[in-house]
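Morning, everyone. Please look at the screen, and I'll walk you through a few features.

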Amino acid sequence: MKAVFPVVVRGGGDLATGTIHKLHQAGIPLLVLEAEHPSAIRRYVSYCEAVYEGRWTVEETTAVQVKNLEEAAAAVVRGEIPVLVDPRGAVLRQFRPQVLIDAILAKTNLGTTKEMAELVIGLGPGFTAGEDVHLVVETQRGHRLGRVITQGTAAANTGVPGIIGGYGKERVIHSPAEGKVHCQKAIGDLVHQGEIIARVGDVSVAATIDGVLRGLIREGYPVTRGFKMADIDPRLSEQKNCFTISDKARCIAGGVLEGMLHYAPDRQGLWRF
């Protein structure tokens, strides 16, 4: 299976999707491993939606849910991106990829080690280049976004979202209660501060600022109190951005591709995919 899946990506959320899309467009076959119940809020630009929908298209590239490596191989032949529900990476006992990318963005290492592949890359905080992974790519907005780190860690998680249109923490909405989400609005809708965008059980969830509803967790998803469930972009002119891969995701993807090519075994950017 090594020849069919030279690259494995753990995670299929919106930031991971930037990397997956770039590698797929570069002609590199890959396999995506996801959780049983992905919780992406920028769902329209997240390949993990294939876990729920069976198949999901982002910018004219399609991911499909598969049940095993045979189905995954068939998807690659069709030019599709296979997504396998395997949060623990159990399938890696059957083959060793050339490159493993941990794009779960959990702010901590959920079990990825350097032994899993010839080159292991971790995205964001929670990894140490030279110890549990070979390389780390910076994910924090700012001057260092997308940089390849060969020794040490990415910037620590501040818990404060990046500033967009003058807003930071105000633009991200967390669940006020525990329960199932019932959406009142859809991704891409224009909303006003105080307008109800969803309910968690019987508790209303209101927009925190005026803007475009950039992300909203799936209908019926069971959340806990404080769970990140929505994201508002205050820039009304950016409505179309709800349906395309973000600048941040593309910048991170560039760092991943740079790391892969620069640290290829022959030192000339060739992996023989």
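Let's open with a question: does Phe95 count as buried or exposed? Keep in mind that this is a predicted model. Phe95 counts as buried, because its relative accessibility is 7% and the cut-off for buried is under 20%.

Now, who is its partner? Phe95 forms an aromatic pair with Phe5.

Phe5 is in the segment before β1, which covers 7–10. Phe95 is in the loop between β5 (81–85) and β6 (99–102). They are 90 residues apart, so the pair links distant parts of the chain.

Here is another pair: Tyr221 and Phe227. Their ring centres are 5.9 Å apart. Their planes are at 35°, so this pair is tilted. Tyr221 counts as buried, at 13% relative accessibility. Phe227 counts as partly exposed, at 24%.

How many aromatic pairs does a search of the whole structure find? Four. There is also one aromatic cluster to point out, made of Tyr44, Trp56 and Phe243.

One more ring. Find Tyr52. Arg218 lies over the face of this ring, 4.1 Å from the ring centre.

Gly179 has Val223 of β16 as its bridge partner.

Last topic: backbone angles. Most residues other than glycine have a negative phi. Now check Glu59. Glu59 is not a glycine, yet its phi is positive, about 50°. You will find Glu59 in the loop between β3 (55–58) and β4 (61–66). Glu59 is partly exposed, with a relative accessible area of 26%.

Then there is Lys107. Its phi is also positive, about 70°, and Lys107 is not a glycine either. Lys107 is in the loop between β6 and β7, with β7 at 119–123. At 42% relative accessibility, Lys107 counts as partly exposed.

Notes. Residues numbered from 1 in each chain as written. Predicted model: local features only at pLDDT ≥ 70, side-chain atom pairs only at ≥ 80, totals over all residues. Heavy atoms only, no water. Phe/Tyr/Trp six-rings, centres within 6.5 Å; stacked < 30°, edge-to-face > 60°. Helix = DSSP H or I, 4+ residues; strand = E, 2+ residues; numbered from the N terminus. Buried < 20%, exposed > 50% of the residue type's maximum accessible area, 1.4 Å probe, protein only. Lys NZ or Arg CZ within 6 Å of the ring centre and 35° of its normal. Pairing = 2+ DSSP bridges.
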